[in-house]
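Here is a short report for a first look at this structure. Start with the view below, then read on.

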2 protein chains.
Amino acid sequence: MQLEPILISGHWTTPAEAPKTFTAFNPATGEALAAVYPVSPWQDLDEMLRAGTEAAAALARTPAEQIAAFLEDYAARLESHADELVRIAHIETALAEAPRLRDVELPRTVNQLRQAAAAAREGSWSMPTIDTKLNIRSRFEPLGKPVVVMGPNNFPYAFNGAAGGDFAAAIAAGNPVIAKAHPAHAGTTRVLARLAHEAVVASRLHPATLQMFYRCSPQDGLRLLGDSRTGAMGFTGGKSTGLKLKAAADAAGVPAYFELGSVNPVVMLPGALAERGAALAAEFAGSCMLGVGQFCTNPGIVLTIADNPTTAFLAEATAKFAAAPAGALLAPDMPAALKKTSARLVELGARLLAGGSEGTEPGFRFQNTLLKVGGARFLEHSDGFQEEMFGPCSLVIVAEDADQLARCIGALEPSLTGSLYSANDGKDDELHDRLAPLLAKRVGRILNDKMPTGVAVTPAMVHGGPYPTTGHPGFTAVGIPASMRRFGALRCYDNFRPARLPAILQDANPGGRAWRMIDGGWTRADVVR
Amino acid sequence: MQLEPILISGHWTTPAEAPKTFTAFNPATGEALAAVYPVSPWQDLDEMLRAGTEAAAALARTPAEQIAAFLEDYAARLESHADELVRIAHIETALAEAPRLRDVELPRTVNQLRQAAAAAREGSWSMPTIDTKLNIRSRFEPLGKPVVVMGPNNFPYAFNGAAGGDFAAAIAAGNPVIAKAHPAHAGTTRVLARLAHEAVVASRLHPATLQMFYRCSPQDGLRLLGDSRTGAMGFTGGKSTGLKLKAAADAAGVPAYFELGSVNPVVMLPGALAERGAALAAEFAGSCMLGVGQFCTNPGIVLTIADNPTTAFLAEATAKFAAAPAGALLAPDMPAALKKTSARLVELGARLLAGGSEGTEPGFRFQNTLLKVGGARFLEHSDGFQEEMFGPCSLVIVAEDADQLARCIGALEPSLTGSLYSANDGKDDELHDRLAPLLAKRVGRILNDKMPTGVAVTPAMVHGGPYPTTGHPGFTAVGIPASMRRFGALRCYDNFRPARLPAILQDANPGGRAWRMIDGGWTRADVVR
């Protein structure tokens, strides 16, 4: 049996002793793929921590320019290997080759790496802060320890532990990464890690700047995150696993960043539905079925008030859901899970408007599913109705009136996002302003007249939210430079002799690039004496 | 029995049922003070969380100007009640009325409140970030929940839950505070809370903006921090209690900020001791005995290399320690604890140079204590030798040579600070540059030619460090505005209609005061179209 190798300390190695193994699947056919991957024993993870500790010390001394060059070289390799990457990711995830993989997710990933490179080069992310009178100076520095990144199943590139947002942020902040592949796209991750490692070698970074494994036992995963050699954890995935990993990290004082489930409520106010209900039905259905609904920002709950336009909106949306074919889901167990959750919602009192069954084509399929429940019923079982359906499924809550709608919003659990659609003519303004504060405090990002699915990579983005959506309300997983500061340690130089200061904290601003807070104001100028 | 009241929801109340009680002590005489304080039952804490939740919603809607005015009013009340505050704090802590309480700590506390007011008014702390092209805008907002602040015994004002740094940061960021008095200065805290509450009323803030109790059972303390209604925890104190509270907060997803023990290593390089050993001995002894050594930044370990100047330095320092009278410590159990720890160090192989016994005068006293150990011996028991002695005590490590000194630094546990003294003529430069990176990664603040005791309130300060010195390496407890962001939640407004945006995120910068990151650059200007 030929085992796929893992990347430890700059070497592609296969385990010496016969370990447990696993294979990935083609979700479009349901068939197991040929490649066989090892479940790594603790000894391999331990060796990664050892090498990662060395790499962390080396990276902390490496000029930012060299790290930026690595990120840019890696980005270019992703572009020149697009065919290979798209081919394998499509086989492993069934996501469309185009536009999704080739034209959307891969360019996004490349762009993210380039933004991270620019931020590393510029240096503003580290928030250099200078008190000239007291000669006290501080900035964010690398953690000095490897960051463990475990990516989710739904983004083979953009959130991949070896290429995605957490990877880019951790490296750009000067930390090595130990990446765990998502087993559903182990092959894609292997290609990414190969390209990343080629760029590491070409850029002359420490060979353990990126290390990668595919899978480990649950207890070894907890041991890895709870090891004091681990600098931080980045995890995107399911709530149950995420909270166990967080507990292990917390106990060791390892900062735990994660992003778990989210139902992303969308409030459709009456005036908006009266004005443009058909367009909104199309927008909603498109957003909910995008990527076969496998987005952490999928609109899983829609809130409305009962009236004729809402009835028409429901009919339009139902038709759209029913008409679209059942796409292939990422993992074998997903259709059954969706079946179970949607059935439970029906038991609780929801009405099935479309879908509700597994698909008939080969592969892991579930029909696009729309459910409806009255506001009063929702309020009676608001916990049960908020169970996340990770797929092309959504629940529409129809409240009797504005007061009940407000109570429904008040019963929502935390989410990454919350959207409010309102009339263009101002008819909904009063209601919007009443509901927005209720919604805002439950989410990290609040939207107007926009579906939550798109998560732009901009400094102003917040991809986070109240616990347990994420682990800390003050951080975002998307958006450079803020996402980099998750992987930084504040360090202060008090009364340091000038020549001994890090260059970016000296009086002269190197290259005049970084924004620095000098005596209370942001500037790119040198310290003026 | 007349019980001192606690402050719940704007009312000074005494518990209905007879609770457990306690009294404070005069450390200078060892006598119990007259006032009797309640140990609050859960029902009182529960009511504080309920009222605090209401106050959080109200404060989040309160204009920053009004919050700033409250902080300034409170600061002015502290100044006009200095006599009362100094009198009671002196009785409860035995810290000198002047200069310590009246001329140092009280002005520092007042200054901190005024800096927090200025930061709240200016708004830059919230890091408004605007992407004009995508119309995505974000900033830090209040947590929307009350912050629980538990202050330490050693700063009756500056770190007090009802007046100190965490209080000022939490309020200025728009969050109400539930303050737990340190039982050692319950009376001081009661006066502070009275003045704060008068300012709350005068400023027309929500009456539960500050609530205060003196003490609760350990299990109720854990329940309070582990309650999902709690927004964050600020704790300064002992490691054992702090880590238990952190675990409770972690399990509920409550951000836990704390500051626990720290030995604050000071490295005296050979050239510095040869050049100015006598002056350094005086500087070190003064820093170590300041405030009877009860500083979290007390220099608890000094590292040297064996040679004649080091011998002279030790003789000078020993004389200073022996000559100074034994000051009064804050709590009854402290002399016995210091006796035990210093005896354990002697057992491990340290030599007692001065002190080592309880004081003979009345009150809670321990002699100024200096110990010495060889580098080899230190390395054999480096854990045991790093036990914090919270008092006027320090251990000097004498290494055989530079290599052993480097190994000793490599064996140091995390601390808030680390200092390096080097010769002015450049003789130590090479050794400094070799040792500084080793020391830096173990501390939040690294100093040149300066004792760690002073913690200036400046934006460039870092009062934090690697776990378990603090809970997260990316934050500081001192230094505005960074300390405020511990109590902020990131929130993003995506595609929001302009008039609905918070004022500070609109195109026009209100008052032109706040620094905002617009399209990648910091500016105080309006958005230019």
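## A strand pairing across the chains

Strand β21 of chain A is joined by 3 bridges to strand β18 (residues 443-448) of chain B, and the two run parallel. Within β18(B), I446(B) stands opposite Y493(A). Strands here are DSSP runs of E with at least two residues, helices are runs of H or I with at least four, and both are numbered from the N terminus. Two strands pair if DSSP finds at least two bridges between them.

The model is predicted: local features need pLDDT of at least 70, side-chain atom pairs count only at pLDDT 80 or more, and totals for chains, interfaces and linings use all residues. Residues are numbered from 1 along each chain as its sequence is written, while chains are lettered from A and ligands numbered from 1 in the order written.

## The contact between chains

Chain A gives 53 residues to the contact and chain B gives 54. Residues are in contact if their C-beta atoms, placed from the backbone, lie within 7 Å. On the side of chain A that touches chain B, β21(A) gives the most, with 7 residues. That side has 26 nonpolar, 15 polar and 12 charged residues. Ala, Val, Leu, Ile, Met, Phe, Trp, Tyr, Cys and Pro count as nonpolar, Asp, Glu, Lys and Arg as charged, and the others, Gly among them, as polar.

## How the copies relate

Note on methods: Two residues are in contact if their C-beta atoms, placed from the backbone, lie within 7 Å.
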